[in-house]
Amino acid sequence: MNKSFHKCTQEDVYTLQEISCKTFRETFADTNSPEELQEFLDKAYDVEKLKEELANGNSQFYFLYFDGALAGYLKLNEAPSQTEINDKNSLEIQRLYLLREFQGKGLGKELMGKAIEVAKAGEKKYVWLGVWEHNEKALTFYKKYDFYKIGSHSFFVGSDEQTDDIMRKDL
């Protein structure tokens, strides 16, 4: 079981777009209309938008490789580039995704460990994230790591307004 991380650069933008779309589709296709889902993917994972995100010095992307294959990825944000909260004492885990074929192999733990490692290296007091209120698998995973709900916000998939729980883990 060979695992490794790669910090993403501009050269990774097309791979990032591909895994972003694939993991989001695998996770949410069953609960969203194809049209709304495609609208979201086209907007959220547009190559130019991803290039801007990669160029942002307050955001970091990491690919997780398992036995040489790309298995998942992580996007972390420091203030002032967080989607909300924007506390310099926190690190936002904006995206934590594994391809379906790699789930159940303990790799989510690897991604979470990397996020916490980056937060601690940056002397952050806590990490936080948004998770869809009906994503039971993810909610169970985050609660296992002592995340607790501190609020909620709207998240749009296309024009479909959904609710994300905002969850925090103290370090």
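This report covers a strand and its partners, a helix and the cysteines of a predicted model.

## Basis

In this predicted model, local features need pLDDT of at least 70 and side-chain atom pairs count only at pLDDT 80 or more, while totals for chains, interfaces and linings use all residues. Residues are numbered from 1 along each chain as its sequence is written, and side-chain values use heavy atoms, with hydrogens and water left out.

Strand 4 spans residues 90–98. Strands are DSSP runs of E with at least two residues, and helices are runs of H or I with at least four; both are numbered from the N terminus. Eight of the nine residues of strand 4 are buried, so the rest of the structure largely encloses this strand. Buried means under 20% relative accessible area, exposed means over 50%, and partly exposed lies in between (1.4 Å probe, protein chains only).

Strand 4 pairs with strand 3 (residues 69–78) in the antiparallel sense, over seven bridges. Pairing requires at least two DSSP bridges between two strands. Arg95 of strand 4 stands opposite Lys75. Strand 4 also pairs with strand 5 (residues 126–132), here in the parallel sense and over three bridges. Glu92 has Trp128 of strand 5 as its bridge partner. From strand 4 the chain runs through helix 4 (residues 107–121) to strand 5, in a right-handed β-α-β crossover. Right-handed means that, with the strands pointing away from the viewer, the path from the first strand over the helix to the second runs clockwise.

Helix 5 covers residues 136–144, and its buried residues include Ala138, Leu139, Phe141 and Tyr142. These four span an arc of only 160° around the axis, so they sit on the same side of helix 5. The arc is taken from the directions from the helix axis to the C-beta atoms. The face turned away carries exposed Glu136, Lys137, Thr140, Lys143 and Lys144.

The buried residues of helix 5 pack against strand 4, helix 4, strand 5 and strand 7 (160–170). Contact here means heavy atoms within 4.5 Å. Just after helix 5, Asp146 takes a positive phi of about 65°.

## Cysteines

The whole structure has zero disulfides. A disulfide is a pair of cysteine sulfur atoms within 2.5 Å. For Cys8, the nearest cysteine sulfur is that of Cys21, 14 Å away. Cys8 counts as buried because its relative accessibility is 9%. Cys21 is in no disulfide either, and at 18% relative accessibility Cys21 counts as buried.
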